[in-house]
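Hi,

Here is the structure I said I would pass on. Have a look at it first, and my notes follow below.

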Amino acid sequence: MESMAGKQRLRVTFSKGPRLKYISHLDLALTWERALRRAGVPLAYSQGHNPQAKLQLASGLPLGYIGCAEVMDVILTEPLSPVQLAACLQPVLPQGLSVIGIEEVPLKSPSLQSALRQAVYRVRLETWLTAHDLERRIRDLLAVDRLEGQRIRKQRAENFDLRPLVHDLWLEGADQGQAVLGMRLSAGQRGHARPEAVLAALDVPAAGAHVERSQLLFEFDSH
Amino acid sequence: MQIDEQVLDRILPGVQKPGRYTGGEFNSVVKDWDTTEVKVALAFPDVYDLGMSNLGLAILYDILNKEARVLAERVFVPWPDMEAAMRKAGLPLYSLETRHALGDFDLIGISLPYEQLYSNVLTLLDLGGLPLWSAARDERYPLVMAGGSAVFNPEPMADYFDFFVVGEGEQVILEIVEAFREVRSADRETQLRRMARIPGVYVPRFYAPAYFQDGMLASFEPLVEEAKKHIVKRITPMMPPPVTRFVVPFVDVVFNRASIEIQRGCTRGCRFCQAGMIFRPVRERSMEEIMETVDAITRETGYEEIGLLSLSSTDYTKIAPLVKALSEKYSNCNLSLSLPSSRVESVTVDLVDMLAHGRKTGFTFAPEAATDRMRDVINKSIPTEELLEVAEAVYSRGWRLVKLYFMIGQPTETDEDVQAIAQLARQVLAVGRRHHGRRAQVRVGVSTFVPKPHTPFQWAALDDLEAIRRKQAILRNELRGARGVILNWNEPEESLLEASLGRGDRRVGRAIFNAWKKGCKFDAWHEHFQPDLWRQAFEEAGLDQGWYAHRARLADEVFPWDHIDAGIQKRWLLMDWYAAQQGETKIDCREHCFNCGILTAFKGLRALTPPEAWECPPIRNPRWRELAEQGKVIGLTPGMRKLMAEARYNP
């Protein structure tokens, strides 16, 4: 089965638009697999009775979020140029999924999941707090050393320190009952925070918030 | 009314699997609402996950959307959490493609494959903002029609639908669209009279049932000139072109795969089986077309699994060459092909093995009965020795699990017949043990026989609930301590509902309304089924569920579905019912025609169809050729005529 072995790794940056925001991480992976099959690209599969497509999404996007620049690695059994892959994919993608960029990376480079460090979010929320109020809350939050956050793990609520996971937090604007916040939070295996936790710490309601993940930052980006 | 996305955004984060309600799937067809002349909603009265697995709906969606002036959009019943959220927000049921309310469409086609969906039809109409009763809807509302297997007894739902389409929908659906264009601005009466003129269309309001004092049906009379005494089902003389551009769901659904029908109908003549009777005659798709279709489906959908559908796949004439060709062509493509509905034959094992590519999860058979006597009664004769040989072949090739389906409660059944099921399961397990030791498994699914209209067993009674429970207890006792045998059965009350709706008459419609009012919904889902409410619903309608379910019918009784003509003569069914009770069997009717009536009903079509396209013998009478060629045969569109001419003269 030499021919089925991975020969090339292509890194695809894509957006997951509003039409797809209720599609879960697992369902998105299958959607990509089927799109790649429609495109007729030589997708590599694992060996065994239940072969899995060799396709890795960097990070699951929670239900309801929009992804502006999500990242995925695809392993192919025959070499294909990034331009060719983009051309094959273009006609077979469902609405809401679009390719932003493709680059070739070494077959043996570390997995996206292990290299992911941070994510940048843009959060639009409904609030009548003034820009001044919001600015003050953001300053206060960034000023503390420790910040009690709560998350659910294994069906149990547990407390954790949110502060080291918040790298940056800023107000983009506030007007007419709406405000837009920006935040850069830890993401990935070494620590992960969700924008909702930050909203809770700011004491603004998360209901009705529109969250966009605008960028994923990897270890290799810092080199 | 188009549903506002922002309103949906407030609701969807709070419901389970919101991806069911957003549409936008690959291959879904979104046409311009304002400039498309005829708008059809295709609805399935269950949740998205089930509806998306329905091939009938996919076929009609494909046919309608290929027409430039028609748009077809999908509608499913929301899961109760979403229904509650929609009612709270004042949102009507909407289509997935353009999010238009159900009431905005011209025609609503609802698929009715089985009776447990009836209560959901009411939810669908009500949530769509339509009055439930056909009589309460005038021309301002869409025309609501139904099709599917359950329509072969339309009476329980007769008061809710404007019309029913009996039989195969591929041709008639476009005739309905054309008729609608003629009468779209007419009043409802005129519209329905026009529809009644279409062969295969049944408009219930133009018929009046009369009952004897004891409750039995006395007569069933047409009231207007357009209403025919008998509504003959529609069929396509040859297998219609296959669907290749399946809508590919984002969320996981029940059968997350594409399907291709390799054959329609079945020649085996099992007496309990409604599909085996109502889908006659048997037609096959050519092997070449199947190969091309599998190829097209993979290109157009990217599905990793394709089901080769039929009622009895190993009866497909060229099954061995087909499976060989497919497994050779796709062995390296990570495409899995499944062959459901296989018969208990050793050749089957070879074929399934060829397709399995090492994925051996479980091997399924449906012997239905475990004694030779019982098998003769139901006309499904598979000797026990043969079954054990096949089990041997299955286990020896690496499968560790064999699934066996049986039925209890069939006519003339004794306790010995029931005990034999347990013995057979143990025998099969013993075979498995020899190959896999303690890891061998047998899963035994035991359902309860429910008599179905248009079958030889339509005169039979449903066992009473106590008898069913007792027989199930026999099985549990007999299999106690048999490690490796897993027994599954269904609740007797589920069979009672199926039986009382399935052979119900027009009066049962009131019980369905009562049940829905009391909160019955998703009756096919075990966790939602509420048998007590259904019992009360029948009682409050002045009806006895048992009278419909447990009563053996009289030989000369007028059935509520007698005006629906499936092409099989009632007299023939009755003779077969008598034969069953004598234990007389009939061989596969490809070997010998028993003259069930299908050739009489469709002799014109048969005369025009290439002999090899049907498994029935050809019609030799030249007069029928002649009539058919003059176009005096119902249900032959110009396209189909062309297709047939090509098939006949360029084989």
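**Salt bridges and the rest**

The side chains of B:K518 and B:E540 form a salt bridge, 2.9 Å from N to O (a salt bridge here is a side-chain nitrogen of Lys or Arg within 4 Å of a carboxyl oxygen of Asp or Glu). B:K518 sits in the loop between α17 (508–517) and α18 (531–540) of chain B and B:E540 in helix α18 of chain B, so the pair ties together parts that are 22 residues apart in sequence. Helices (H or I, at least four residues) and strands (E, at least two) are DSSP runs, numbered from the N terminus. B:K518 is partly exposed, at 28% relative accessible area, while B:E540 is exposed, at 53%. The classes are buried under 20% relative accessible area, exposed over 50%, and partly exposed in between (1.4 Å probe, protein chains only).

Before going on, the housekeeping: this is a predicted model, where local features need pLDDT of at least 70 and side-chain atom pairs count only at pLDDT 80 or more, while totals for chains, interfaces and linings use all residues. Residues are numbered from 1 along each chain as its sequence is written, chains are lettered from A and ligands numbered from 1 in the order in which they are written, and side-chain values use heavy atoms, with hydrogens and water left out.

Back to the charges: over all chains, the count comes to 69 salt bridges. One of them joins B:D353 to B:R397, at 3.2 Å from N to O. That pair links distant parts of the chain, 44 residues apart: B:D353 is in helix α11 (residues 346–356) of chain B, and B:R397 is in the loop between α13 (384–396) and β16 (401–408) of chain B. B:R397 is partly exposed, at 33% relative accessibility. Another bridge pairs B:E221 with B:K229, their closest N and O atoms being 3.7 Å apart. Both ends are partly exposed, B:E221 at 40% relative accessibility and B:K229 at 46%.

Now the interface. 25 residues of chain A are in contact with 30 residues of chain B (contact means heavy atoms within 4.5 Å). About 2300 Å² is buried between the two chains, with carbon and sulfur atoms giving 49% of that; buried area is the accessible area (1.4 Å probe) that two parts lose on being put together, summed over both. A:Y22, A:R34 and A:R38 supply 33% of what chain A buries against chain B, more than any other three residues.

There are 2 salt bridges between chain A and chain B. A:R34 forms a salt bridge with B:E304, with the closest N and O atoms 2.8 Å apart. Helix α1 (residues 25–39) of chain A gives the most to the side of chain A that touches chain B, with 7 residues.

Finally, the inside. The largest nonpolar core has 208 residues, and those with the most contacts inside it are A:W32, B:F161, B:F163 and B:I176. Such a core is a set of buried Ala, Val, Leu, Ile, Met, Phe, Trp, Tyr and Cys residues joined through side-chain atoms within 4.5 Å. Helix α14 (residues 415–436) of chain B makes the largest contribution to this core, 9 residues. Beyond its neighbours within four places in sequence, A:W32 is in contact with residues including A:F14, A:L55, A:M72 and A:V99.

Cheers
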